[in-house]
Amino acid sequence: MNLDKNILCCISLAVMMFTNTQAFAQHAIRGRSYYVNTSGDDLNAGTKNKPFQSVDKVKSLHLTAGDTVYFKSGQTFNGSLLLTQGIQGIRNKPVVFTSYGKGHAIINAKDSVGIKLYNGTFIRLQHLTLVGSGRKMGNTKDGLYIINCKEIKVEDLNISGFQKSGLLIYASQNILANHVFAHDNGSAGITVEGPYAKTESRNIKILNCRAENNPGDPTNLTNHSGNGIVVGNCRNVLIDHCTATNNGWDMPRIGNGPVGIWAYEADSVTIQHCLSYKNKTSKGGADGGGFDLDGGVTNSVVQYNVSYDNWGSGYCIFQYWGATPWYHNIFRYNISENDGTVSDSQAGLYVWNSSDDEKQFYDCEVYGNIIYNSKVAAVCFSEKSESKGIRFYNNIFVGRDSLIKGKDKIGDAKFWGNNWWSIEKGFNADCITDIKAWIQKTGKEQKDGQALGLNIKPEFKNPGNTTITSADQLKIFTNYQLKINSVLRKRSIYTGPNGIGKIKL
């Protein structure tokens, strides 16, 4: 018995010693600092006083947890930073690549990739500018390519001049992209992708990013390009306080087109507090909209966003042929202004289903939104719009003349408690200019025999004149506030739990 106690004591002591040794080892990891300066020499020790000279030297380093590589701010380093050796940091001691001094160091990749990060864990990339030779000037790569990685933070990066995506995240998990400015690239500003499933790319946050003037990939003649931020084959993705503008104007084909911020074949995506404006598509091409939940998206939310002056619709509810089923999605508390005036939608909000099968496209709630359009319609149903369980309630729909373009293909869409206003005719839907007659004839805006639709002029504070250019400005955006004495402020469209009174930008 005493022997057993002694053995247990020895085992406990050994465990304690091992645990303390591990804790000490973790604490003792301080990491090394390496400096890179164009006036240095790759034969140097890499200290601040004796720095390395090139990105090629950095590629040869055996970097471990806690190490930091500093590039001299304001200097240009030619070449690609290929971090493909499986760099492994730890949670509290990541491996860091950054600038030192005032401003950013510049990595000029010319015709190649800026930074390629493969099979790495706990790595931070920050305060750097990546430049390619241009989407039509010889570059054929992505700016920052993160593949098969985990626990990566990307902060304060400026990425331009790459033919593909400024930032591409592929088959990676637990990734944060914060304050990335991706502009003047080809395929997209920021892309999340993975193998054809919704599992390998997951737990990704895209925060405070800007995708601007990514016109299109001149070599892609078979699919869309020129997107702002696009995420696909992924799950659990948050896009928050991001801005997309002037993308897609040079897509080199006619067909399905780009969108400012959107998702496809994705599960549990949230797009919120974002601004998407003045995005485009090719002449004669489709799309060019503000926000989109497209083919195969499930359990996702688009909320508290503003879109305006996009060539395509501000909010797109889409399912394409060949996609996995689209279902359980929500569009709420968003604002659209004068979207959809150029491409085929001709409306602020667009419903389209090219699968021709309502079993592939079902269960969507659209509530508390303001769709304002002084140029075309508020809502469009494509000739291909078979759907089940799309419910529109407590929205304000304003159109120039006819409020609805096209018809709900199988007549299953529900409209409850929305306010409709035609700028030219007061009310005009389905060629009927009296809302009571419309309700009676179509059965829309009825529930349990009660008429729920409203026909009241909203009298917003400053409609049709949006000029904000950054998602940061949404907190001061007041154009679509209702006047204090507005009748709508007393109706459930505003006061209800799903009313526009919940819009908080």
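This is a predicted model: local features need pLDDT of at least 70, side-chain atom pairs count only at pLDDT 80 or more; totals for chains, interfaces and linings use all residues.

Visitor: How many aromatic pairs does the count come to?
Guide: Rings of Phe, Tyr and Trp pair if their centres lie within 6.5 Å. By this rule the count comes to 27 aromatic pairs.

Visitor: Is the pair of F318 and Y350 stacked or edge-to-face?
Guide: The ring centres of F318 and Y350 are 5.3 Å apart, and the angle between the planes is 85°. Planes over 60 degrees apart count as edge-to-face. The pair of F318 and Y350 is therefore edge-to-face.

Visitor: How many residues apart in sequence are the parts that this pair ties together?
Guide: F318 belongs to strand β23 (residues 315-319), while Y350 belongs to strand β26 (residues 347-353). The pair therefore ties together parts whose separation in sequence is 32 residues.

Visitor: Are F318 and Y350 buried or exposed?
Guide: The relative accessible area is 2% for F318 and 8% for Y350. Buried means under 20%. Hence F318 is buried, and Y350 is likewise buried.

Visitor: Is the pair of Y367 and Y393 stacked or edge-to-face?
Guide: The two ring centres lie 5.1 Å apart, with the planes of Y367 and Y393 at 20°. Planes under 30 degrees apart count as stacked. The pair of Y367 and Y393 is therefore stacked.

Visitor: Which strands hold Y367 and Y393?
Guide: Y367 and Y393 are both buried. The pair links distant parts of the chain, 26 residues apart. Y367 is in strand β27 (residues 361-367), and Y393 is in strand β30 (residues 388-393).

Visitor: Which charged residue sits over the ring of W416?
Guide: For Lys, a charge sits over a ring if NZ is within 6 Å of the ring centre and within 35 degrees of the ring normal. Over W416, the charged end lies 4.4 Å from the ring centre, and the residue is K447.

Visitor: Over the face of which residue does R135 lie?
Guide: R135 is at 5.6 Å from the ring centre concerned. The ring belongs to W249.

Visitor: How many of the residues of strand β20 are buried?
Guide: Strand β20 spans residues 289-293 and is mostly covered. Its buried residues number five of five.

Visitor: In which sense does β20 pair with β18 and with β23?
Guide: Four bridges join strand β18 (residues 259-272) to β20, with V259 opposite G289. Three bridges join β20 to β23, where L293 stands opposite I317. The sense is parallel for β18 with β20, and for β20 with β23 it is also parallel.

Notes. Residues are numbered from 1 along each chain as its sequence is written. Side-chain values use heavy atoms; hydrogens and water are left out. Rings of Phe, Tyr and Trp (its six-membered ring) pair if their centres lie within 6.5 Å; planes under 30 degrees apart count as stacked, over 60 as edge-to-face and the rest as tilted. Helices (H or I, at least four residues) and strands (E, at least two) are DSSP runs, numbered from the N terminus. Buried means under 20% relative accessible area, exposed over 50%, partly exposed in between (1.4 Å probe, protein chains only). Two strands pair if DSSP finds at least two bridges between them.
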